[in-house]
Amino acid sequence: MLGVFRRKVVSGTASSASILGKSWRATRPAASTMAPCFASKEEVLVHPGIIGNIRSIHHVVHPGGAAYSKPLREVMTSLKPYDTMPTQSRLFSSGSGDLVDAVVPFMGESISDGTLAAFLKKPGDRVEIDEPIAQVETDKVTIDVASPEAGIIQEFVAKEGDTVEPGTKVAIILKSAEGATAPSKKASEEAGSPPPPSAEKVEEKPKPKVETTPVIEKPKTASPPPQASASEPQLPPKERERRVPMTRLRKRVATRLKDSQNTFALLTTFNEVDMTNLMKLRSEYKDAFLEKHGVKLGLMSGFVKAAVSGLQNQPIINAVIDGDDIIYRDYIDISIAVGTPKGLVVPVIRNAEKMNFAEIEKEINTLAKKAVNGTISIDEMAGGSFTISNGGVYGSLLSTPIINPPQSAILGMHSIVSRPMVVGGSIVPRPMMYIALTYDHRLIDGREAVFFLRRIKDVVEDPRRLLLDI
């Protein structure tokens with residue numbers, strides 16, 4: 001920007017604006033923030049395409065350079081009017097505030113990106129440090145994007161539905177902005193609204209009327225509506241249907257389950273378990289168990305211990321095929337399938353063979369709460385050598401579960417139903433549960449599968465076997 005100054009003595013009635021042409025207009029001097037003014041009580045020339053006051057003098061000042069003198073006509077011809085000047089505006093401003101970026105955190109070793117599912121805050125909302133402002137949905141879990149500093153959300157850089165990677169900037173936070181406020185939406189709308197249209201209206205000349213002879217139309221007979229053929233199905237209208245995109249978690253679950261069906265030679269074997277003794281054990285010791293360990297005694301810990309015993313007796317159930325090799329695992333990590341509102345997740349109980357009933361119950365409760373709340377981490381779901389799925393909590397009587405890759409088998413639990421059973425030659429009611437084992441028949445033969453399921457039945461029906469290791 002050039003600042004031009006001239007000291008002069010006005011004489012006569014000639015205006016300097018008329019010398020420079022009609023594109024210049026004469027105004028009185030006013031305070032200008034764009035260029036300094038050394039003269040007073042003199043005319044100021046303003047060009048419509050140049051911001052700032054340009055006085056009719058001979059001294060020219062370049063930014064960062066020294067002042068020099070040139071003829072006024074040469075100075076004016078060298079100036080190039082700018083149609084527009086770039087402007088910059090901030091949604092929030094604070095004298096001592098700093099801008100910080102909220103970015104997507106690290107999501108796990110096996111996860112490279114995710115989908116920005118939803119924003120938990122709005123621009124202008126105040127947030128505290130580490131307060132979640134958005135959620136990123138991955139193939140396995142939903143991760144929160146937290147605010148790095150306490151302040152006010154200036155703007156969101158990303159949009160809902162965008163694919164984001166770790167380190168992607170999601171929002172801009174203005175920290176230390178107690179007094180900062182968002183500009184009025186009404187004011188911004190008024191500033192951007194176009195000027196009202198001119199009040200002048202052009203009168204339209206009336207068109208001459210042309211007399212026409214009325215044409216009498218013959219009445220048409222209403223044609224009957226077309227009848228659908230008997231072979232065409234009557235489909236419901238599209239207005240009664242809704243199309244909703246699948247979440248990343250749901251797409252991931254669908255892909256893995258279909259891959260399981262396409263890869264494994266799935267086969268399921270069944271058995272039934274008399275739950276009388278395990279339920280009696282739970283009823284007798286639940287109060288003492290709760291008082292000592294601070295957690296309730298459930299049925300799941302009994303099945304986990306039974307599964308550990310079965311896997312130790314049949315190690316092939318705990319193995320997996322890898323190419324042309326078989327990998328035998330010397331550890332037992334039990335995956336527990338948990339249904340959540342967002343989809344199915346499978347947290348893992350590590351080294352279950354080293355845990356007692358109380359430790360298993362505590363770990364199950366902790367992982368289940370995290371899964372339902374959406375705070376479970378990727379590491380808590382990675383791995384696993386065997387899965388237990390309890391469809392009985394939803395009332396399932398019988399099912400054929402699908403293997404969770406890269407495992408080789410899965411145990412399905414079902415609802416407990418009182419059924420008449422023959423015990424000691426007499427028919428008595430017993431609480432019975434059907435159990436199912438789906439396994440990869442490429443690796444596991446029917447003999448090992450049946451022996452494993454029979455071990456589950458024996459341990460659950462008589463938990464004393466665990467103490468005697470028989």
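Tutor: Two strands pair if DSSP finds at least two bridges between them. Helices (H or I, at least four residues) and strands (E, at least two) are DSSP runs, numbered from the N terminus. This is a predicted model in which local features need pLDDT of at least 70 and side-chain atom pairs count only at pLDDT 80 or more, while totals for chains, interfaces and linings use all residues. Residues are numbered from 1 along each chain as its sequence is written, and side-chain values use heavy atoms, with hydrogens and water left out.

Student: Which residue takes a positive phi in the hairpin of β23 and β24?

Tutor: Gly424 does, with a phi near 60°, and two residues lie between the strands of that hairpin. The two strands, β23 (residues 416-423) and β24 (residues 426-440), run antiparallel and are joined by eight bridges. Within this pairing, Ile416 has Met433 of β24 as its bridge partner, and Val422 stands opposite Ile427 in β24.

Student: How many bridges does β24 form with strand β14, and how many with strand β22?

Tutor: β14 (residues 266-274) pairs with β24 over nine bridges in the antiparallel sense; Glu272 has Tyr434 as its partner in β24. β22 (residues 409-413) is antiparallel to β24 as well, with four bridges, and there Ile410 is opposite Thr438.

Student: In what order do the strands of the open sheet with β11 and β13 stand?

Tutor: The order is β6-β13-β11-β8, four strands with antiparallel pairing. β6 (98-103) and β8 (126-127) are the edge strands, each pairing on one side only. Inside the sheet, β11 is joined to β13 (residues 169-175) by five bridges, one example being Ile152, whose partner in β13 is Leu174.

Student: Which strands stand at the edges of the open sheet that contains β10 and β12?

Tutor: That sheet has four strands in the order β10-β9-β7-β12, again with antiparallel pairing. β10 (142-146) and β12 (163-164) are its edges; each has a single partner strand, so one side of each lacks a neighbour in the sheet. β7 pairs with β9 (residues 132-137) over four bridges, and Thr115 has Glu137 as its bridge partner in β9.

Student: How many aromatic pairs does the rule give?

Tutor: A pair of aromatic rings is described by the distance of the centres and the angle of the planes. Rings of Phe, Tyr and Trp (its six-membered ring) pair if their centres lie within 6.5 Å; planes under 30 degrees apart count as stacked, over 60 as edge-to-face and the rest as tilted. The count here is two. Phe119 and Phe156 are stacked, at 4.0 Å centre to centre and 25° between the planes. Phe119 belongs to β7 (residues 114-119) and Phe156 to β11 (residues 151-156), so this pair ties together parts 37 residues apart in sequence.

Student: Are Phe119 and Phe156 buried or exposed?

Tutor: Buried means under 20% relative accessible area, exposed over 50%, partly exposed in between (1.4 Å probe, protein chains only). Phe119 is buried at 19%, and Phe156 is buried at 18%. The other arrangement is edge-to-face: Phe386 and Phe452 lie 5.4 Å centre to centre, with 65° between the planes. Phe386 is in β21 (residues 386-390) and Phe452 in helix α8 (residues 446-461), so the pair links parts that are 66 residues apart in sequence. Both Phe386 and Phe452 are buried.

Student: Where is Gln314 found?

Tutor: Gln314 is in the loop between α6 and β15 (320-322), and Gln314 is buried, at 14% relative accessibility. Apart from neighbours within four places in sequence, Gln314 contacts Glu448, Phe451 and Phe452. Among the buried residues of α8 are Glu448, Phe452 and Ile456.

Notes:
Contact = heavy atoms within 4.5 Å.
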